[in-house]
Amino acid sequence: MSKKFPITISSWTLGDQCTFEDRVAAAKESGYEGIGLRAETYVDALNEGLFDSDILDILAKYDMKVTEVEYIVQWAEEHRSYEQKYKEQMCFHMCELFNVKQINCGLMENYSVEYTGQKLRELCQRAGKYIIGIEPMPYSGLPNLEKAWKVIQAADCDNAMLVLDTWHWVRADQSYDILTKEMAAKTVSIQINDAYERPYAASILRDESMHDRLAPGTGAKDTAGFLRMAKEAGVQPNAVGVEVISDAYLAKGLKECAKYTYDNTVKVLTEAWPELLER
């Protein structure tokens, strides 16, 4: 497996009802090289009574790393809540603690490109040495690649980049020929999964995203095609996140969920982008 492009089980794939050690153990036993943590799941670990040193010890025990940190939201609000300010600072701390270079960010609120670009610039300035990866999502204020790219251009910051997710890509009805080399050079990481042929209704599309995704290569939306697009455009991901948010998979248990998603990830990477699996 690759150490340059760590295959990472994203935080939501294993839900939010497990202990930190169980999360790490399930990921390790299934074959993953890294885990993703949201600010919320990091705080959950602290609420177990763990200190940062304990968290690092557990990671070392299983020879695992945190390779994905998320998720800053509401960063374009004119008057941000203290909760969101604290969460942002928590993400910066997590990057320092785990030596992660980027933070995944979303934006549900819909503003103009110019305004959003200015707020992204401010976030990037606060982030300093860390990369801010914004993720287009079809039900969000950055609904597709086109607007997200315009916002990045408006922000004009070296550390403003893209996070591209298969599920969000296909549910935005985007073809696999629109990612340019310039966009690829500004893509910090990818997240892979799959989807059913027919989406949920637009009014509840987010419910599908948060409860009913499929493992890479097991649905109707050509995960391999998404990977080939990213490869051919020249994406060099800091991490390959496997974000398969599925109530049905989790109902089978942490270990089964981790193993099933990992095994299918390896299958689709072997087919479409085997270089990501090389050491």
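**Pocket, cavity and a buried valine**

The lining of the largest pocket comprises 13 nonpolar, 10 charged and 5 polar residues. The model is a predicted one, and the volumes and contacts reported below are computed from it.

**Largest pocket**
- The volume of the largest pocket is about 510 Å³.
- Two or more residues of its lining are contributed by each of α2 (39-47), β3 (65-72), α4 (82-98) and α9 (205-211).
- Helix α4 supplies the largest share of this lining, with 5 residues.
- In total, 28 residues line the largest pocket, and those nearest its centre are Glu40, Tyr71, Val73, Lys87 and Arg206.

**Largest cavity**
- The whole structure contains 1 cavity of 30 Å³ or more.
- The largest cavity holds about 50 Å³ of space.
- Its lining includes Pro136, Pro143, Asn144, Leu145, Leu164, Asp165, His168 and Trp169, together with Ala172 and Gln174.
- Strand β6 (160-165) and helix α7 (166-171) are the elements that give two or more residues to this lining.
- By class, the lining of the largest cavity has 6 nonpolar residues, 3 polar residues and 1 charged residue.

**Val24**
- Val24 is part of helix α1, which spans residues 20-30.
- Val24 counts as buried because its relative accessibility is 0%, and the cut-off for buried is under 20%.
- Leaving aside residues up to four places away in sequence, Val24 touches Ile35, Ile58, Leu59, Tyr62 and Met64.
- Between Val24 and Lys147 the C-alpha to C-alpha distance is 36 Å, with a separation of 123 residues in sequence.

Conventions:
Residues numbered from 1 in each chain as written. Predicted model: local features only at pLDDT ≥ 70, side-chain atom pairs only at ≥ 80, totals over all residues. Heavy atoms only, no water. 1 Å grid on protein atoms, 1.4 Å probe; cavity = no way out; pocket = protein on both sides within 12 Å on 5 of 7 lines; lining within 4 Å. Points joined across faces, edges and corners; volume = space filled by probe spheres on them. Helix = DSSP H or I, 4+ residues; strand = E, 2+ residues; numbered from the N terminus. Nonpolar A, V, L, I, M, F, W, Y, C, P; charged D, E, K, R; others polar. Buried < 20%, exposed > 50% of the residue type's maximum accessible area, 1.4 Å probe, protein only. Contact = heavy atoms within 4.5 Å.
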